[in-house]
Amino acid sequence: MLRDPVVHRKTLSNSSTPRSPGVRRKLLAVSSGGGHWVQLLRIKRAFEDCEVIFVTVHESYRAQVSEHKFYVVNDANRWTKLALLKSAWRLAWIIWNEKPDIVLSTGAAPGYLALRFGRIIGARTIWLDSIANVEQLSMSGDRIGHCADLWLTQWPHLARPDGPHYIGSVL
Amino acid sequence: MIFATVGTQGKFDRLIRTVDEWAGANGRADIFAQTGPSDYQSQHIRAERFVDPTEFRKHVQAASLVISHAGMGSIITALELGKRIIVMPRRASLGEHRNDHQLATAKRFAEQGRIAVAFSEQELVKKLDQLQVFDNTARFSPQTSPHLISTIRTFIETGHVRFENGDASC
C-alpha cells in the first residue's frame with residue numbers, strides 16, 4: 001500500500017486560496033463500477049457548480065455523464081496487485097495533469113488511490129463510504145477515511161465522533 | 001416483464017437457474033436475464049452476459065419486477081425507477097463472492113422493508129410465486145438526502161462543515 005505523502009499538504013494547499021468570481025472549482029469524482037458508480041451519480045447535484053471530471057472503470061459509463069470530461073482507469077482491488085499498480089500509475093497521471101481542487105470518491109480501490117494522490121497535490125478530499133457497507137466500513141474507507149477532509153458513512157450506527165460522520169444516504 | 005440481473009463482477013448461476021426453472025414451471029416467456037460471465041444455458045428465459053448501463057436502465061424501466069443479487073447498483077436503480085425488487089445475496093461459502101457483505105446489505109434493507117430478500121433458492125421461488133400476482137403500480141422512489149447534498153456542497157465551497165458531534169475542516 002502507499003504510504004502517507006511526505007510533503008505536508010498545508011504547505012501546498014491550494015484549497016484555501018480565494019477565488020475570483022466566475023472561476024469554477026475543479027472536482028475529480030472517482031469511483032469503481034456498479035453500485036459505487038450509481039451512488040456517485042446520486043450525489044452529482046452536490047457538485048453541479050464545479051467543473052467535474054469523472055474517473056471510473058468502464059468506458060460504457062461515459063454516455064451517462066456525456067457533458068463532462070471522463071477518464072477510464074482499470075478496475076483494481078487489493079487482491080490484484082498488478083492491476084492496482086496500473087491503476088495507481090494512471091490516477092497519478094490524471095491528477096498531476098488535471099490538478100483538481102477537490103477529489104471525491106464513493107469507493108473503492110481507485111477512489112482510495114485518488115484521494116491519496118489528491119492529498120499530495122493539496123486537494124480537498126471527500127470520502128462517502130458505500131451504502132453497501134452496513135456492518136463495518138469498507139476496507140478502503142477505513143484506511144482512507146482518517147485522512148480524508150470530509151469522511152462520511154451512510155449508516156447512522158457506523159458514525160463515530162471523529163468520523164465517519166452520518167448526515168444521510170443516497171436512498 | 002421481469003428483469004433478472006447479477007451485475008458485472010462474476011457469475012451467479014444459482015439465481016439464474018432458479019429463475020429459469022421457475023419461468024418454465026409457470027409458463028413465463030417474458031423474462032430477460034443478465035447473467036455475467038456464465039456458461040449456463042437457460043431454457044425458458046432470454047439471456048445476455050452483459051448489458052451497458054443505458055440498456056440496463058431501459059430493462060429496469062420496462063420491468064414490473066427486478067430479481068437481482070444484493071448489489072447496490074441493481075438495488076438503487078430499481079428503487080430509483082420505482083420498481084419492486086427481490087434480491088438473493090451471493091454467498092462466499094459457495095464461491096459467489098469474496099465475502100458475505102451482500103448478506104449483511106440484504107438483511108439491513110429487508111429490515112427497512114424497502115426490498116424483498118430471498119436467502120435461498122426455495123425462498124426465491126416462494127417470493128416469485130407471491131409477487132407475480134401483484135400489480136405494476138409505481139412505487140415510492142427515494143431521493144438522495146437533501147442534507148447529504150447540501151453538506152457536500154458546503155464543504156466544496158468553504159472547506160468546513162459543522163456536525164453535532166464535531167466539525168470537519170481542512
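Biologist: Into which domains is chain B divided?

Modeller: In this predicted model, chain B consists of domain 1 (2-139) and domain 2 (140-170). Their C-alpha centres lie 33 Å apart.

Biologist: What makes E2 and E3 of chain A a strand pair?

Modeller: Pairing requires at least two bridges, and 4 bridges join strand E2 (residues 51-56) to E3(A), so the two count as paired. They run parallel. Within this pair, A:Ile53 stands opposite A:Lys69.

Biologist: What is the order of strands in the open sheet of chain A?

Modeller: The 7 strands follow the order E3-E2-E1-E4-E5-E6-E7, with parallel pairing.

Biologist: Why are E3 and E7 of chain A called edge strands?

Modeller: Strand E3 (69-72) and strand E7 (165-166) each pair on one side only. Across E1 (26-30), E2 and E3 of chain A lies helix H3 (residues 81-98), which runs at about 165 degrees to E1(A).

Biologist: Which residues have the most contacts inside the largest nonpolar core?

Modeller: That core has 92 residues, and those with the most contacts inside it are A:Leu28, A:Ala114, A:Ile126, B:Ala4, B:Val19, B:Ile75 and B:Val87. Helix H4 (residues 109-120) of chain A gives the most to this core, with 6 residues.

Biologist: How do you know where this core lies relative to domain 1 and domain 2 of chain B?

Modeller: Both domains give residues to this core, so it lies between them.

Biologist: Which residues does A:Ile126 touch, not counting those up to four places away in sequence?

Modeller: In chain A, the residues touched by A:Ile126 are A:Ile102, A:Leu104, A:Ala148, A:Asp149 and A:Leu150. In chain B they are B:Ile152 and B:Phe155.

Terms used. Residues are numbered from 1 along each chain as its sequence is written. Chains are lettered from A and ligands numbered from 1 in the order in which they are written. This is a predicted model: local features need pLDDT of at least 70, side-chain atom pairs count only at pLDDT 80 or more; totals for chains, interfaces and linings use all residues. Domain bounds come from an automatic or database domain assignment. Two residues are in contact if their C-beta atoms, placed from the backbone, lie within 7 Å. Axes are lines fitted to C-alpha atoms, for helices over the stretch in contact, and angles run from 0 to 180 degrees between N-to-C directions. A nonpolar core is a set of buried Ala, Val, Leu, Ile, Met, Phe, Trp, Tyr and Cys residues joined through C-beta atoms within 7 Å. A residue is buried if 20 or more other C-beta atoms lie within 10 Å of its own, exposed if 12 or fewer, and partly exposed in between; C-beta atoms are placed from the backbone.
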